[in-house]
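Morning, everyone. Please have a look at the model on the screen. I'll start with a pocket, then move to the core.

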Amino acid sequence: MEHFKHRRKEFKFWKHTGAVLGDQKKYSKTYVSSSGGEGYVGPNGGVVEAAQVSSSVSTKHEFWIRKEDGTEKSIQLSDCDIPLREGHKITVVAMGPINDKSGYFTLLINHSANTHHTINSADNLNGLFKIDQLTGKSLLISIALFFAIS
């Protein structure tokens, strides 16, 4: 696969193709946090602030594929629920910095079901790799251009 270069950052893409094996695991983790809940009570009354509680859920999908060369590869996905069955032929595409050995899955193609699923969108990858971010310098240039055109 060809590399992708944007400004001074270069990325590589790679893929794993194989048949889904039978031992899939799907589970979720719930994270709960709280803050606040302060106050005081005195002889003439008081003030009590309720605690703020928040929660988030993260889903995990883990499975193995048998690659075309006979080796097996563990695939671990976060926050995406993709329907797969044992024996489905799939390809997962990953992206990472050119000099790193790790990266993020971007796409899953299910050849058996003739479907594809986005694992990480372009916006997610932009944030994860800081590919194109608005900086103070770019903001000043944008403002200067706006006034120059006006």
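Lining the second largest pocket are K60, E62, Q76, L77, S78, D79, Y104, F105, I119 and N120. A quick word on the source: this is a predicted model, where local features need pLDDT of at least 70, side-chain atom pairs count only at pLDDT 80 or more, and totals for chains, interfaces and linings use all residues. Residues are numbered from 1 along each chain as its sequence is written, and side-chain values use heavy atoms, with hydrogens and water left out.

How do we find empty space? Rolling a probe the size of a water molecule over the atoms shows where it is left. A pocket, on a 1 Å grid over the protein atoms alone, is an open set of points where a 1.4 Å probe fits, with protein on both sides within 12 Å along at least five of seven lines; lining residues have an atom within 4 Å of a point.

This pocket's volume is about 200 Å³. Which strand gives the largest share of its lining? That is β7, with three residues. By class, the lining has four nonpolar, three polar and three charged residues.

Now the core. The largest nonpolar core has 14 residues. Such a core is a set of buried (under 20% relative accessible area, 1.4 Å probe, protein chains only) Ala, Val, Leu, Ile, Met, Phe, Trp, Tyr and Cys residues joined through side-chain atoms within 4.5 Å. F63, L77, I90 and L108 have the most contacts inside it. β8 gives the largest share, three residues.

Key: Buried means under 20% relative accessible area, exposed over 50%, partly exposed in between (1.4 Å probe, protein chains only). Helices (H or I, at least four residues) and strands (E, at least two) are DSSP runs, numbered from the N terminus. Grid points are joined across faces, edges and corners, and a volume is the space filled by probe spheres set on the points. Ala, Val, Leu, Ile, Met, Phe, Trp, Tyr, Cys and Pro count as nonpolar, Asp, Glu, Lys and Arg as charged, and the others, Gly among them, as polar.
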